[in-house]
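Here is a short tour of one chain, meant to be read with the model open beside it.

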Amino acid sequence: MIEDKQPSPFLTTIRAKLGGNSLDAIIARGASGTFFVDGLGQGLVFGAQILLARLMGAEHYGVYAYVLAWVTLLFLLARLGMDTMLLRYIATYRANHEWGLMRGVVQMSNLWGLVSSLVVGSITAGIVWFWRESLGEPLAYAFWAGCGLLPFFVLSGLCQSSLNGIKKVVLAQLPNRLIRQTLLVLLVMGGVWLIGIEMTGATAILLTIVAVLGGYGIGVYWLWRHLPEGYWSAKPIYRNREWLLTAFPLMLAAGAYMLTQKTDTLMIGAMLGTTDAGIYAVASRIAEFTSFGLTAATAIAAPHMSEFFSQKKRTELQRVVSLTTWGAIAFSIPFAVVVVVLGTWLLSLFGSAFTLGYWALVLLVAGQVANTVTGPIGVLMNMTGHQNHLLIILVGALVLNAILNYFFILSMGIAGAALATALVKVGWNVVAVSFVYRKFGINCFAFHEILGSQSGMRSQ
């Protein structure tokens, strides 16, 4: 007679905790889903970039990466901070059943995002036209294609924020993570191997537009399916002044943050050329994987941060922050070790020329680990109404980053840019963590509980 195997006590305990309604269980389940989707998405991003780099070579890929870095900055300007504002207000209005306000903020944010992206894209296209001879045809065409990409980027980001706001976090990740990247890979493979098109920077961005549009369409359908019934029957109510006053500092803070992320690539492109910018962009892309665990965990934690802060539940808020940080570290540290050991091989997947970015990769990974150890500090400040203070910190970091990058690039090339970026990342995170702890007593530093318990033991 064969006896049924009973699950181990450890697995039974894990299942019980994950299946409960505690804060830990809710965050663990949500983070697991976003972690899985985000992990697959990051893998597809990695595969798509390898494919493009192999097909285009370092020079053409450099044009593509350089233009996308600029488009990312224009995207932050064009979205006007509406994505973060939308996430915060949708979560609040949904909890309070204020369907009219919820419908109003969704409609107005999308209208403002569309108009602003068209304006920013048109102005940028005009500037590129004026400087087209200095830029050269390949770079100018790629920039014009990037201007066409901008509105779809903005609308897709707003759709993702809306899904996050109604706590459909996993669905929110799918269009921009899995669907977009899958479509891009299929379009590139089909274009090159079936049609025989030449893969230039402009061509790659045009295919990216099609991929973004496909993901956006599916995201809109999911949002339409999951919006509450009360949303559709309510008459829109508009609080334009309040929303704009909230969104504007969020836009500036997001812009300053992204500039600190992209200053290195932009300055390398301007000072050393687009080929070096392409090599550095690949190193930066790989390094970003180190903190994707933090991104996944923060996606599910952000609405809870806003909710607990508004309800003055400090203990619960601290618990959310600590769970998010430790969950991110569990991924970040092992991945950092893998990158340091296998970094040259990972870079060689893009082509032999990209192995020159190894030391830049190591330094960028170190900066990302430091960013993970200090937890979701930026999102926490945004969700608790301290976006103005975050803006001041990030503007200071941006100025320092530009200065350090200039001198470090002159002396050490792309490794210098990575060192400058890593130092600034550590600096602004430490300042922000200190501010939050002094302001409302939440400690985002990962090891504060361990250090605190050891200090308590010594004092006894």
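## The chain as a whole

Please keep in mind that this is a predicted model. Its secondary structure consists of 18 helices and zero strands. Of the 460 residues in the chain, 56% are buried.

Taking the contacts with a separation of 6 or more, 82% are between residues 24 or more positions apart.

## Nonpolar cores

The largest nonpolar core contains 108 residues, and Y61, Y64, V105, W243 and I286 have the most contacts inside it. Helix α2, spanning residues 23-78, is the biggest contributor to this core, giving 22 residues. Another core lies apart from it, with 28 residues that include L317, V424, V433 and F440.

Leaving aside residues up to four places away in sequence, I286 touches F46, F335, V339, L346, L347, F350 and L361.

## Helices α10 and α11

Next comes a helix pair. Helix α10 covers residues 240-271 and helix α11 covers residues 274-288; they pack with their axes 8 Å apart, at an angle of about 165°. Because that angle is over 145 degrees, α10 is roughly antiparallel to α11. Their crossing is right-handed.

On the α10 side, the contact is made by K262, D264, T265, I268 and G269. The α11 side supplies T274, D276, A277, Y280 and E288.

## T208 in helix α8

T208 belongs to helix α8, which runs over residues 201-226. Is T208 buried or exposed? T208 counts as buried because its relative accessibility is 6%, and the cut-off for buried is under 20%.

The side chain of T208 has a polar atom 2.8 Å from the backbone oxygen of A204. Setting aside residues up to four places away in sequence, T208 touches Y64, L149 and L184.

## A366 in helix α14

The last stop is A366, found in helix α14 (residues 358-373). With a relative accessibility of 45%, A366 counts as partly exposed, since that class lies between 20% and 50%.

How far apart in space are A366 and A336? Their C-alpha atoms are 7.6 Å apart, while the two residues are 30 residues apart in sequence.

Key:
Residues numbered from 1 in each chain as written. Predicted model: local features only at pLDDT ≥ 70, side-chain atom pairs only at ≥ 80, totals over all residues. Heavy atoms only, no water. Helix = DSSP H or I, 4+ residues; strand = E, 2+ residues; numbered from the N terminus. Buried < 20%, exposed > 50% of the residue type's maximum accessible area, 1.4 Å probe, protein only. Polar contact = N/O pair within 3.5 Å; in protein donor to acceptor, adjacent residues only side chain to side chain. Contact = heavy atoms within 4.5 Å. Core = buried A, V, L, I, M, F, W, Y, C linked by side-chain atoms within 4.5 Å. Axes fitted to C-alpha atoms, helices over the stretch in contact; angles between N-to-C directions. Parallel < 35°, antiparallel > 145°, perpendicular 65-115°, else oblique. Left-handed = near helix turned anticlockwise from the far one by under 90°.
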